[in-house]
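I opened a new page in my notebook today. Here is what I looked up, in the order I went.

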Amino acid sequence: MSTQVGAKVTPPPVRQRRTFDPRWRWAGPALLLAAAVYAPFQLVPFHVFQLTMVLVYAVALLGLNLLVGHAGQISLGHGAFFAVGAYTAAILLDRWDLPYPLTLPVAAGVAFLIGLALGIPAMRLRGLYLALVTLAIAIFLVPLLKRFEEVTGGSMGLTLPKPAPPAWSGLAEDQWLYFLTLAVAVVAFLLVAGLLRSRVGRALHALRDNETAAEVMGVRLSFYKTLAFAWSAMFAGAAGCVYTWVIGFVSPDSFTVNLSITLLAGLVVGGLGSLSGPVLGGLFVMFVPSISQDVNDAAPGVIFGLLIIVVMYVAPTGLAGLAGRLIKKIPRKE
């Protein structure tokens with residue numbers, strides 16, 4: 001086969017990459033926030049309460065996601081820090097009559113310090129050993145709370161008044177509690193989003209991907225492991241404080257080891273390492289157990305486990321990963 005000398009060769013057309021206008025990056029969060037603000041005016045009080053609890057769990061899962069999803073550590077004791085925040089707020093309100101807004105930074109600070117104290121010895125552990133240590137924390141917390149009855153109320157717990165809506169707001173109690181929780185959740189998500197975009201976030205991701213390579217690059221493993229543990233506890237403590245506002249009651253039996261396991265399962269189902277994962281995980285933690293109970297009162301745990309298996313089979317990277325794959329299939333501007 002001969003070729004013609006001097007013939008003009010036409011190169012194949014270059015396929016242009018799809019572009020995405022960065023201005024639309026915030027469209028999704030803005031629409032979601034607008035829907036969140038609009039929702040309590042259209043729902044009955046019970047459904048408003050359910051959405052409030054979704055936000056509470058989302059804040060707790062936001063902290064767990066820092067530790068598990070971004071730092072690559074494991075924790076089966078996250079419910080213990082949730083309880084620390086809840087009981088700190090309850091004791092401050094019951095014993096010292098502290099104003100509600102001041103209980104939030106105190107509860108978050110106490111949980112941070114306890115997480116820091118527990119994170120220092122735990123930083124030398126990894127994998128299964130770290131999981132067992134954090135599980136032990138969740139196990140011994142309940143009998144510890146019952147033992148100091150004069151402070152914690154023992155098995156009977158503590159009953160507290162809920163924050164009353166101010167007269168100028170014109171809101172019902174359930175709506176006021178919802179907006180307080182929404183404000184805390186928005187601030188928490190903004191803090192974590194800023195943290196992950198900083199040098200700290202890059203260090204956490206390097207720690208998660210390969211500890212040896214991260215150490216060679218100058219990342220202080222023990223320092224960032226301990227901080228991730230403390231930050232995770234801090235957000236759990238803040239969520240526990242808001243939980244006390246919303247429920248108006250704390251009891252040791254509300255913070256058993258099942259809570260820690262459910263929170264971890266919710267995060268995995270929602271999507272590790274994603275900002276939307278904690279929100280989806282909060283929906284899972286709030287609604288799936290109640291759905292399981294409604295389907296079969298005799299075996300809610302079996303149904304709960306089966307639902308987790310189904311979700312993991314359909315979406316191995318979590319619901320956030322599934323949503324991301326579906327969005328990528330949407331035709332974009334060439």
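**Ground rules.** I am reading a predicted model, where local features need pLDDT of at least 70, side-chain atom pairs count only at pLDDT 80 or more, and totals for chains, interfaces and linings use all residues. Residues are numbered from 1 along each chain as its sequence is written, and side-chain values use heavy atoms, with hydrogens and water left out.

**Whole chain.** I found 14 helices and two strands in the protein chain; helices (H or I, at least four residues) and strands (E, at least two) are DSSP runs, numbered from the N terminus. Of the 334 residues, 44% are buried. Buried is under 20% relative accessible area, exposed is over 50%, and partly exposed lies in between (1.4 Å probe, protein chains only). I then looked up contacts, meaning heavy atoms within 4.5 Å. Of those between residues at least 6 apart in sequence, 77% join residues at least 24 apart. The chain exposes about 18,400 Å², with 68% of it from carbon and sulfur atoms; accessible areas come from the Shrake-Rupley method with a 1.4 Å probe, and for residues only the protein chains shown count as cover.

**Helix H3.** H3 covers residues 78-95, and its end C-alpha atoms are 26 Å apart, in agreement with the 26 Å that its 18 residues should span at 1.5 Å a residue. The expected span is 1.5 Å times one less than the number of residues. I noted that 16 of the 18 residues in H3 are buried.

**Asp 97.** This residue sits in the loop between H3 and H4. Asp 97 counts as exposed because its relative accessible area is 65%.

**Helix H5.** H5 (residues 128-147) has 20 residues and reaches 29 Å from first C-alpha to last, close to the expected 28 Å. I found a kink of about 30 degrees at Leu 141, shortly before Pro 143; the bend at a residue is the angle between axes fitted to the seven residues ending there and the seven starting there. Leu 141 is also one of the buried residues of H5, along with others including Leu 130 and Leu 145. Their cover includes H3, H4 (100-122), H6 (149-152), H10 (221-247) and H11 (257-270).

On a 1 Å grid over the protein atoms alone, a cavity is a set of points where a 1.4 Å probe fits but cannot get out; a pocket is an open set with protein on both sides within 12 Å along at least five of seven lines, and lining residues have an atom within 4 Å of a point. Grid points are joined across faces, edges and corners, and a volume is the space filled by probe spheres set on the points.

How much space lies in the second largest pocket? I read about 310 Å³. Of its 17 lining residues, the closest to the centre are Val 84, Ile 114, Leu 141, Leu 144 and Leu 145. H3, H4, H5 and H6 each give two or more residues to this lining, and H3 gives the most, with seven.

There is one cavity of 30 Å³ or more, and the largest cavity holds about 40 Å³ of space. Among the residues that line the largest cavity are Gly 119, Leu 130 and Phe 229. H4 and H10 each supply at least two of its lining residues.
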